[in-house]
Amino acid sequence: MSNVLIVCEVKNAEPKKSTLELLSKGKEIAGALGGSLSAVAIGSGLGGFADKVAPYGAAKVYVADGAAEYSTEGFTKIIADAVAKDGAGVVLFSAGSQGKDLAPRLAARLEAAFATDCVDIGVDGGKVTVKRPVFAGKAFAHIAMEGSPAVVGLRPNSFPVAEPAGGTAETVALPADFGDVKAKVVEVVAGESSRPDLTEAERIVSGGRAMKEAANFKILEELADVIGATVGASRAAVDSGYAPQSRQVGQTGKTVNPVLYMAFGISGAIQHLAGMRTSKVIVAVNKDPEAPIFQKADYGIVADLFEVVPKMTEEFKKLLAEG
Amino acid sequence: MHIVVLCKQVPDTESRIKLNADGTGFDMEGIKWILNPYDEYAVEEALKIKEAGKAEKVTVMGLGPDRIVEALRTALAMGADAAVHVKTGEDTGDTSSVAKALADAVKAQDAGLVLAGCRAIDDDMFAVPCMVAEYLGVGQAHVVSKLEVDGGKAKAWRDIDGGAKQVIEMALPGVVTATKGLNEPRYASLPGIMKAKRKPVEVVEPAAGGAKAKLVKCSLPAERAAGRVFEGVESVPEVVRLLREEAKVI
């Protein structure tokens with residue numbers, strides 16, 4: 001028997017979608033291990049937070065209310081406290097930018113078994129096993145978590161969110177006390193985009209070298225606005241200065257996992273494919289019918305992207321207006 | 001100040017990955033090994049800090065079998081002063097024991113700053129440097145694209161979601177992990193390569209610890225079936241319709 005503890009990510013006092021994914025999968029794992037599902041949330045304005053996660057199966061929610069900013073060490077301390085109180089044998093994180101910072105730190109503190117960016121998790125003979133992409137998605141490693149607790153990060157968008165049900169959760173208040181902190185966040189500089197991060201985006205429109213200049217990304221922004229997508233770029237586009245580094249998709253950029261990935265003017269170098277190959281549906285638009293991206297695309301269009309993008313924006317607008 | 005840079009040897013990004021005969025590991029025969037590209041940013045940053053007169057020595061440290069010394073030589077050729085080889089067998093998927101062995105080796109170095117790539121392009125765990133920070137009991141700034149080091153303190157700009165940055169102030173010693181954008185790594189010069197051959201490589205053998213996670217199986221992803229390719233801009237309405245009705249993603 002082993003309890004499962006979910007580490008919530010909170011935005012404007014609401015659980016992020018990735019947190020609901022964790023709860024949905026976590027409930028299944030807790031069931032297989034014969035334990036209960038709990039959650040821990042750190043932030044501010046969290047009164048009533050338990051009611052927001054209870055419908056997804058959390059029976060107990062540890063809440064540290066009053067933490068104004070993020071702190072690796074502070075959050076680690078509070079989560080370690082929750083793990084101890086809960087007696088959790090499995091701790092689940094979302095492997096976004098916060099989870100990547102926090103989960104290994106917690107694993108080291110707890111002397112835990114660790115794996116992150118997992119696209120599958122299961123229980124085999126009472127032991128947690130995970131599947132995670134390695135070599136930029138060219139292969140998978142299947143890892144058995146021998147130690148306890150097991151700290152596991154799940155790749156965003158890899159698990160469906162269950163239908164919310166009834167149910168209530170007990171709130172356990174934890175002090176929002178970071179303790180002695182050696183690294184402190186003193187400022188947060190806003191990004192250029194209010195859209196979801198590439199790693200968590202459900203839809204992505206990406207531009208390559210064929211975008212020709214930075215200003216031309218405007219047409220991708222317009223398309224992205226219509227379908228609620230985040231804008232990405234190939235390494236060639238980033239290196240040419242057409243897009244900022246934070247938008248790069250690929251082996252030396254972000255690994256993405258959207259339901260829809262649209263590649264405009266991207267030839268499909270192996271390093272780019274590595275970063276987006278798990279996308280559910282891939283659309284490629286390229287003037288060159290021989291571009292390798294067409295071998296990976298579900299739908300390809302051989303045409304000039306500067307003609308296709310505005311036409312697509314217009315067609316999506318029409319379609320979405322129909323409801 | 002002494003800077004230690006954690007370096008990993010990884011397969012080149014062009015490598016074709018094959019499984020071994022029984023699917024319990026990878027067949028690394030014929031792989032071209034390189035210094036992890038993210039570690040190059042870390043080495044470059046260490047050298048820049050030293051060149052600015054804020055550090056006296058840069059030591060590069062890597063863990064693995066004998067082949068990894070080649071990656072350490074690459075870092076030495078860029079300009080690092082010395083190397084430490086933490087000698088182990090091949091990776092078995094246990095990140096914790098790797099981090100622990102490196103942390104123990106770092107402790108022997110009296111480092112004021114530990115730099116590392118934010119991720120290794122083979123297993124992409126983004127984890128070892130953060131675990132090292134915890135084992136050392138120091139602060140961390142993970143995925144950093146700008147760094148200022150001054151008088152026992154560091155200020156780091158950490159990349160978070162959507163191009164946003166967290167600015168972190170940290171008392172040193174501490175761990176900082178580098179990402180693209182931090183700097184442009186230099187190429188090793190020919191004299192640098194010659195000199196690197198004579199630079200010291202200390203070998204340390206870590207105490208064996210129990211593995212907490214174990215690689216049990218490897219697999220390859222299913223090839224994506226080739227889809228449909230349409231000609232010309234006039235196919236756009238059809239593709240848009242298919243995205244809704246067939247793929248159901250809009």
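Start by selecting Pro173(B), which sits in the loop between strand E11 (165–171) and strand E12 (174–178) of chain B; strands here are DSSP runs of type E with at least two residues, helices are runs of H or I with at least four, and both are numbered from the N terminus. Show the backbone from Leu172(B) to Pro173(B): that peptide bond is cis, with omega near 5°.

Before moving on, a word on what you have open: this is a predicted model, where local features need pLDDT of at least 70 and side-chain atom pairs count only at pLDDT 80 or more, while totals for chains, interfaces and linings use all residues. Residues are numbered from 1 along each chain as its sequence is written, chains are lettered from A and ligands numbered from 1 in the order in which they are written, and side-chain values use heavy atoms, with hydrogens and water left out.

Now go to chain A and pick Ser148(A) and Pro149(A). They are joined by a cis peptide bond with omega of about 0°. Pro149(A) belongs to the loop between E10 and strand E11 (150–154) of chain A.

Next, select strand E10 (residues 139–145) of chain A together with strand E14 (residues 213–219) of chain B. The two run antiparallel and are joined by 6 bridges; strands pair under this scheme if DSSP finds at least two bridges between them.

About 7300 Å² is buried between the two chains, and carbon and sulfur atoms give 56% of that. Buried area is the accessible area (1.4 Å probe) that two parts lose on being put together, summed over both.

How many salt bridges cross this interface? The rule finds 9 between chain A and chain B, taking a side-chain nitrogen of Lys or Arg within 4 Å of a carboxyl oxygen of Asp or Glu. To see one, display the side chains of Lys180(B) and Asp239(A), which meet at 3.3 Å, N to O.

Then colour chain A by domain: domain 1 covers 3–173 and domain 2 covers 203–322, with bounds from an automatic or database domain assignment. Their C-alpha centres lie 32 Å apart. The contact takes 7 residues from domain 1 and 8 residues from domain 2. Between them the domains bury about 640 Å², 51% of it on carbon and sulfur atoms. Select Ala136(A), Lys138(A) and Arg155(A), which supply 66% of the area that domain 1 buries against domain 2, more than any other three residues. The two domains share 0 salt bridges.

For a last stop, zoom in on helix H5 (residues 217–227) of chain A, where Glu222(A) and Lys218(A) lie 4 residues apart, about one turn of the helix. Their side chains meet in a salt bridge (3.0 Å, N to O).

Technical notes. Contact = heavy atoms within 4.5 Å.
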